[in-house]
Amino acid sequence: MGSEVPAVGLYGITKRFEDVTAVDNVDLEIADGEFFALLGPSGCGKTTTLRLIAGLEFPTLGSLRIFGEEVGTLPPNKRPVNTVFQNYALFPHMTVEENVAFGLRMRRVPKGDIGSRVNDAIGLVHMEGMEHRRSNQLSGGQQQRVALARALVNSPKVLLLDEPLGALDLKLRQAMQVELKGLQREVGITFVFVTHDQGEALAMSDRIGVMNGGRLLQVGNPEEIYARPANRFVADFIGHTNLLDAMVMDERSVTLANGVRIPAESRVAPGTRVAVSLRPEQAALNRRNEAPSHHTSVDGRIEQITYLGNALVYRVVFEWMDMDVRAENRPGMAKAAVGDEVTVSWEPTAVAVVED
């Protein structure tokens, strides 16, 4: 990381559109040089938050700072940021070179500097040799690279990306995730990346902020967000999980809906109704009554088996709920069949207690 001053600081930021609160009292600091993802479903407020940072919207309440400078009332061209949109917004009548140079010309950068800066930016995104192609002659991935070059050529302190991979097919999107993260490391500036794709955020980000209903629900690194979700929404939205209804007994145990008391660390008061999050890959499938003695275990019956190529997902039915168990490269499990009576088990540390 670079500066000790946050690259982006949002303090009590609220944005209202008439009677709709799109962003609700958000406090957030993003470090210099960080790849930060704003993650959430459609309508959660993440894009509005990005537009507030960009200067395309202005906050109703709160303070918005970039490297310590208050910018909440400044227009976009007065902020040290640039934005890459999902549709790339390239000029179809311009070549790659002309698209990348456009912002520099608008800022009246000397002609002698434009050429070298454009070449450097095109080189960063590996588009050498395509300088004279028009945007309608480029693939989706190539258009995205041009949009990135056009944003980076202006040397922003913060690059804002609004679902820039959303228009690409799965394989290309995955390849571009790797390229984009590598590019961020190379240029060393702060990236703020908006996405609704949980896998994308987990794969690319240093930290993730999960939003819903205009509120920032949790901020943490990918491992924290996945393994220790702050609440039921985060647990259910990030990847796939089993949510077991329970009641807190004390700080080290809960009682499941079937009456079984299991070890699970909790910071909420005894008697609080909660959910226990258990990821499918953290659960093990065993023949009935053959679970390891140190595991928590419950008995059920296999209702469905889904083949995913690299894994099998077993849907196990209990009297009180259903549960998914994911098995990857576990040959012993492959013999299980629909209708088999089994025992599902997990290590006590595999679960996370989450509040509603």
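A residue counts as exposed when its relative accessible area is over 50%, and as buried when that area is under 20%. Keep those cut-offs in hand as we walk through this predicted model.

Let's start with His132, which sits in the loop between α3 (111-124) and α4 (140-152). Its relative accessibility is 64%, so His132 counts as exposed.

Follow the chain onward and you reach α4, a helix that is mostly covered, with eleven of its 13 residues buried. Among the buried ones are Gln144, Arg145, Val146, Ala147 and Leu148. What do they pack against? The buried residues of α4 pack against β6 (81-84), α2 (96-106), α3, β7 (158-162) and α5 (170-187). The length of α4 can be checked as well: at 1.5 Å a residue, its 13 residues should span 18 Å, and because its end C-alpha atoms are 18 Å apart, the two values agree.

Now for a sheet. Five strands form an open sheet in the order β13-β12-β11-β14-β20, with antiparallel pairing. At its edges are β13 (261-263) and β20 (352-354), each pairing on one side only. From one strand to the next, the twist averages 45 degrees. Within this sheet, β11 (residues 242-250) and β12 (residues 253-256) run antiparallel and are joined by four bridges. Here Val248 stands opposite Val254 in β12.

Technical notes:
Residues are numbered from 1 along each chain as its sequence is written. This is a predicted model: local features need pLDDT of at least 70, side-chain atom pairs count only at pLDDT 80 or more; totals for chains, interfaces and linings use all residues. Side-chain values use heavy atoms; hydrogens and water are left out. Helices (H or I, at least four residues) and strands (E, at least two) are DSSP runs, numbered from the N terminus. Buried means under 20% relative accessible area, exposed over 50%, partly exposed in between (1.4 Å probe, protein chains only). The expected span of a helix is 1.5 Å times one less than its number of residues. Contact means heavy atoms within 4.5 Å. Two strands pair if DSSP finds at least two bridges between them. Axes are lines fitted to C-alpha atoms, for helices over the stretch in contact, and angles run from 0 to 180 degrees between N-to-C directions.
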